[in-house]
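User: I'm new to this one, could you walk me through how its helices pack and where its pockets are?
Analyst: Gladly, let us look at it together and begin with how helix angles are read.
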Amino acid sequence: MDALVIQTYDANLLDMPRKIEVVGKCNKCGGDVRKISYTSGKESFICIDCEAQKKIQDSVERLERNTRKPINYNIKHCGLNQKEYEGINKPYKTSKGNIEAYNLSIEYANSFNNNTSIGLYIYGDAETGKTFLARKILKILINGCYSVYYSNFNKLVSSLKKEKSRFENTTIRTCLDADMLIIDNIQQKDNFSNSDMQAIIEYRYKNKKPIIFVSRLKPNEFIQKGDQCKEINLLMQFSTRCLELRK
């Protein structure tokens with residue numbers, strides 16, 4: 001006997017359950033099926049186990065729907081286009097010597113929470129999977145309902161220069177507010193003399209909001225890039241953990 005959902009009778013408050021008895025087993029779950037007889041002569045059948053399972057399933061589905069809303073929003077505003085985001089699903093290819101760095105990165109992403117203040121400085125030779133690894137972290141964080149903004153260095157600087165008013169600057173606001181900021185492809189010729197870039201890094205450091213930097217440069221090579229960026233260099237040292245990828 002399939003379990004039937006109890007019918008309520010709001011129009012007749014005097015129609016009350018008169019008798020409840022077990023009449024068999026449920027074909028769906030094997031639990032007891034109860035027949036409820038009402039004073040009006042109407043009857044209904046219910047399996048408590050099925051009803052409980054249905055409520056759990058409804059709760060799970062509702063939670064998933066509510067969770068997908070911020071996830072979909074964060075995907076749309078993460079700085080990657082749809083093709084780039086979907087490309088994160090591809091297998092991660094790198095040398096065996098980078099397995100430890102990969103595992104540490106995934107562990108970092110999985111343990112990320114609102115109190116995480118230390119970011120990462122991912123560096124190494126070309127074609128070792130630095131960008132892919134950073135994007136892998138991005139996806140894990142987004143699936144955890146955290147906001148992430150990703151940009152390569154030159155694109156970020158260009159966007160900051162185009163948007164003149166700091167109070168109306170969408171890029172700055174995004175960089176300040178995101179739970180995680182990822183700055184990719186920092187090269188030897190780049191520097192952080194841009195005042196908005198400095199303000200972003202200083203703000204995130206003071207407010208304990210992590211940044212992931214991605215570069216071919218070793219940490220000591222980056223530090224030697226110029227006196228005007230010494231303060232930023234120090235902030236990067238104090239607020240990141242270094243991970244090296246090798247060929």
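Analyst: Before the helix pairs, one term: an axis is a line fitted to C-alpha atoms, for helices over the stretch in contact, and angles run from 0 to 180 degrees between N-to-C directions. Please also keep in mind that this is a predicted model.
User: OK, at what angle do α5 and α6 pack?
Analyst: Helix α5, which covers residues 153–162, packs against α6 at an angle of about 125°, and their axes are 8 Å apart. Angles under 35 degrees count as roughly parallel, over 145 as roughly antiparallel and 65 to 115 as roughly perpendicular, with the rest counted as oblique, and α5 is therefore oblique to α6.
User: Which residues of α5 and α6 meet there?
Analyst: From α5 there are Leu156, Ser159 and Leu160, and they meet Thr171, Ile172 and Cys175 of α6. Sorted by class, this contact of α5 with α6 holds four nonpolar and two polar residues, and no charged ones.
User: And α3 with α4, how do their axes cross?
Analyst: The axes of helix α3, residues 99–110, and α4 come within 9 Å of each other and cross at roughly 25°, so α3 and α4 are roughly parallel to each other. The crossing in which α3 passes α4 is right-handed.
User: What makes the contact between α3 and α4?
Analyst: On the α3 side the contact is made by Ala101, Tyr102, Ser105, Ile106, Ala109 and Asn110, while α4 brings Leu133, Lys136, Ile137, Ile140 and Leu141. Eight of the residues in the contact of α3 with α4 are nonpolar, two are polar and one is charged.
User: Switching to pockets, how much space is in the largest pocket?
Analyst: The largest pocket holds about 230 Å³ of space. Two or more residues of its lining come from each of α1 (48–76), β5 (148–152) and α6 (170–177).
User: Which element gives the most to that lining?
Analyst: That is α6, with four residues. The lining of the largest pocket includes Tyr73, His77, Tyr149, Thr170 and Asp177, and by class it has four nonpolar, six polar and one charged residues.
User: What about the second largest pocket, and what lines it?
Analyst: About 200 Å³ of space lies in the second largest pocket, and among its lining residues are Lys83, Glu84, Tyr92, Phe132 and Arg135. Both α2 (82–86) and α4 (130–143) supply at least two residues of this lining, which divides into four nonpolar, one polar and five charged residues.

Notes: Residues numbered from 1 in each chain as written. Predicted model: local features only at pLDDT ≥ 70, side-chain atom pairs only at ≥ 80, totals over all residues. Heavy atoms only, no water. 1 Å grid on protein atoms, 1.4 Å probe; cavity = no way out; pocket = protein on both sides within 12 Å on 5 of 7 lines; lining within 4 Å. Points joined across faces, edges and corners; volume = space filled by probe spheres on them. Nonpolar A, V, L, I, M, F, W, Y, C, P; charged D, E, K, R; others polar. Left-handed = near helix turned anticlockwise from the far one by under 90°. Contact = heavy atoms within 4.5 Å.
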